[in-house]
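Visitor: I've got a fold on my screen and a few things to ask about it. Could you walk me through it?
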Amino acid sequence: GDAPAAQQLEQAELEALVDTLMPQVAEAAGLEFRTRPAVAVRSKEQVRTFLLAKLAKELPPERIEGLVASYRLLGLLPDSLDLSTLFVDLYTEQIAGFYEPDSSMLYAVGGGNRLQLKGILAHELTHALQHQYVALDSILADRADADRLAAAQAVLEGQATVVMLMVLAPDRDILSDDGVWELLRSQLTGPTADLEVFNSAPLVIRTGLIFPYLEGATFMRWWINNRGREQPYGAAMPTSTEQILHPSRL
């Protein structure tokens, strides 16, 4: 039969979903919300415009040129690939919601997939919660050490991914269930339905995009199992991707 038409997400519905999810996210993360995050519905066009502006700031032409030169020198990119266009297409493909640290706003895309919305909101609410305890904007804006930044992103995205899994499967002990992690790895590293741009991107680009989610979540699994409710912020935050891949070296 025909696929069901996407329903427009209303502001009141989004706020009700957020109110329902906040206690679950707080419990899974081991932190309490100090304030209720501000939330808003945006169209796909509005989100695309915002992301284009953000990408232009985070990936200026000189940085793109450096990445292209390095990757091509290593034989990781074809000469015909336009990396700027690829990044735009990748970041705007199938986006359903995001948290914006500069404005402390959580946005959900109107007309998005309802089946994905709960997981997306749980993930982004975790970022909103993190921001109430650490300066996300300052951490993500520090470009002085790319490896340190990648490690910090892995912690933040990894924690949000673990919280999302715990919210979606509250009756399952995901931290001790190896099957969950094998499935997560196979899903993130294999072809993903409805993500044509991602599936066709060079391996080095795909690996870089999924690293903070996959390896970050694996790191956070180790962290919670070994450090309990201690938060991996401040002096405890890893300073290199080596520590993300090999937590025992912290």
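Visitor: Is Thr126 buried or exposed?

Guide: Quick note first: this is a predicted model, where local features need pLDDT of at least 70, side-chain atom pairs count only at pLDDT 80 or more, and totals for chains, interfaces and linings use all residues. Residues are numbered from 1 along each chain as its sequence is written, and side-chain values use heavy atoms, with hydrogens and water left out. Now, buried means under 20% relative accessible area, exposed over 50%, and partly exposed in between (1.4 Å probe, protein chains only). Thr126 comes out at 2% relative accessibility, so Thr126 is buried.

Visitor: Which residues is Thr126 in contact with, leaving aside neighbours within four places in sequence?

Guide: Thr126 is in helix α5, residues 114-131; helices (H or I, at least four residues) and strands (E, at least two) are DSSP runs, numbered from the N terminus. Contact means heavy atoms within 4.5 Å. With those sequence neighbours set aside, the contacts of Thr126 are Val25, Gln159, Ala160 and Val163.

Visitor: What is the strand order of the open sheet?

Guide: Two strands pair if DSSP finds at least two bridges between them. For β2 and β3 (residues 105-109), 4 bridges join the two, and they run antiparallel. The open sheet has 3 strands with mixed pairing, in the order β1-β3-β2.

Visitor: And which are the edge strands?

Guide: Look for strands that pair on one side only. In the sheet order β1-β3-β2, the edge strands are β1 (38-42) and β2 (97-100).

Visitor: How many salt bridges does a search of the whole structure find?

Guide: The test is a side-chain nitrogen of Lys or Arg within 4 Å of a carboxyl oxygen of Asp or Glu. One of the pairs is Asp19 with Arg36, at 2.8 Å, N to O. That pair links distant parts of the chain, with Asp19 in helix α1 and Arg36 in the loop between α1 and β1, 17 residues apart. Over the whole structure, the search gives 9.

Visitor: Is Arg221 buried or exposed?

Guide: Arg221 has a salt bridge to Asp178, their closest N and O atoms being 2.7 Å apart. The partners sit 43 residues apart, Arg221 in helix α10 (residues 203-227) and Asp178 in helix α8 (residues 178-189). Asp178 is partly exposed, because its relative accessible area is 46%. Arg221 has 17% relative accessibility, so Arg221 counts as buried.
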